[in-house]
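Student: I would like to go through this protein with questions and answers. Please show me the sequence and the structure.

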Amino acid sequence: MFCEMCFTRGGYELKCVSCCAHLVLKTRPDKIRAQAMLHHIQKYSHSPKRGEILKIVQDAINAGI
């Protein structure tokens with residue numbers, strides 16, 4: 001689920017949609033924390049769009065992750 005750069009650095013890259021989705025998924029099942037995480041991610045000018053992040057999050061939930 002991580003991009004190569006994020007994986008090798010051992011952190012999260014807020015430009016990477018997969019890393020952003022992972023950060024949101026880590027808040028489950030707390031919807032308030034998920035909203036706060038999305039809000040925090042969107043503060044960065046190069047972050048992926050909310051819809052892109054939520055699509056990956058929903059796909060992961062549907063896959064049982």
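Student: At what distance does the side chain of Ser 47 reach the backbone oxygen of Tyr 44?
Tutor: This is a predicted model, in which local features need pLDDT of at least 70 and side-chain atom pairs count only at pLDDT 80 or more, while totals for chains, interfaces and linings use all residues. Residues are numbered from 1 along each chain as its sequence is written, and side-chain values use heavy atoms, with hydrogens and water left out. A polar contact is a pair of N or O atoms within 3.5 Å; within protein, one must be able to donate a hydrogen and the other to accept it, and residues adjacent in sequence count only if both atoms are side-chain atoms. For Ser 47 and the backbone oxygen of Tyr 44, the distance is 2.9 Å.

Student: Which other backbone oxygen does the side chain of Ser 47 reach, and at what distance?
Tutor: Ser 47 is found in the loop between H3 and H4; helices (H or I, at least four residues) and strands (E, at least two) are DSSP runs, numbered from the N terminus. The side chain of Ser 47 also reaches the backbone oxygen of Ile 41, at 3.1 Å.

Student: Why does Ser 47 count as buried?
Tutor: Buried means under 20% relative accessible area, exposed over 50%, and partly exposed in between (1.4 Å probe, protein chains only). Ser 47 is buried because its relative accessible area is 15%.

Student: Which residues is Ser 47 in contact with, leaving aside its neighbours within four places in sequence?
Tutor: Contact means heavy atoms within 4.5 Å. With those neighbours left aside, the partners of Ser 47 are Leu 14, Ile 41 and Gln 42.

Student: Is Thr 27 buried or exposed?
Tutor: Thr 27 sits in the loop between helix H2 (17–25) and helix H3 (31–42). Its relative accessibility is 2%, so Thr 27 counts as buried.

Student: Which backbone atoms does the side chain of Thr 27 reach?
Tutor: One is the backbone oxygen of Val 24, at 2.5 Å. Leaving aside neighbours within four places in sequence, Thr 27 is in contact with Arg 33, Ala 34 and Met 37. The side chain of Thr 27 also reaches the backbone nitrogen of Ala 34, at 3.5 Å.

Student: Is His 39 buried or exposed?
Tutor: His 39 has its place in helix H3. Because its relative accessibility is 53%, His 39 counts as exposed.

Student: What distance separates the C-alpha atoms of Leu 25 and Leu 54?
Tutor: Leu 25 is found in helix H2 and, at 14% relative accessibility, counts as buried. Leu 25 and Leu 54 are 29 residues apart along the chain, and their C-alpha atoms are separated by 9.6 Å.

Student: How many helices and strands does the protein have?
Tutor: From the N terminus on, the elements run α-α-α-α. The count is four helices and zero strands.

Student: What share of the residues in the protein is buried?
Tutor: The protein has 65 residues. Buried residues make up 29%.

Student: Which helices each supply at least two residues of the lining of the largest pocket?
Tutor: On a 1 Å grid over the protein atoms alone, a pocket is an open set of points where a 1.4 Å probe fits, with protein on both sides within 12 Å along at least five of seven lines; lining residues have an atom within 4 Å of a point. The largest pocket is lined by 14 residues, with Val 24 and Ala 34 among those nearest its centre. The helices are H2, H3 and helix H4 (50–62).
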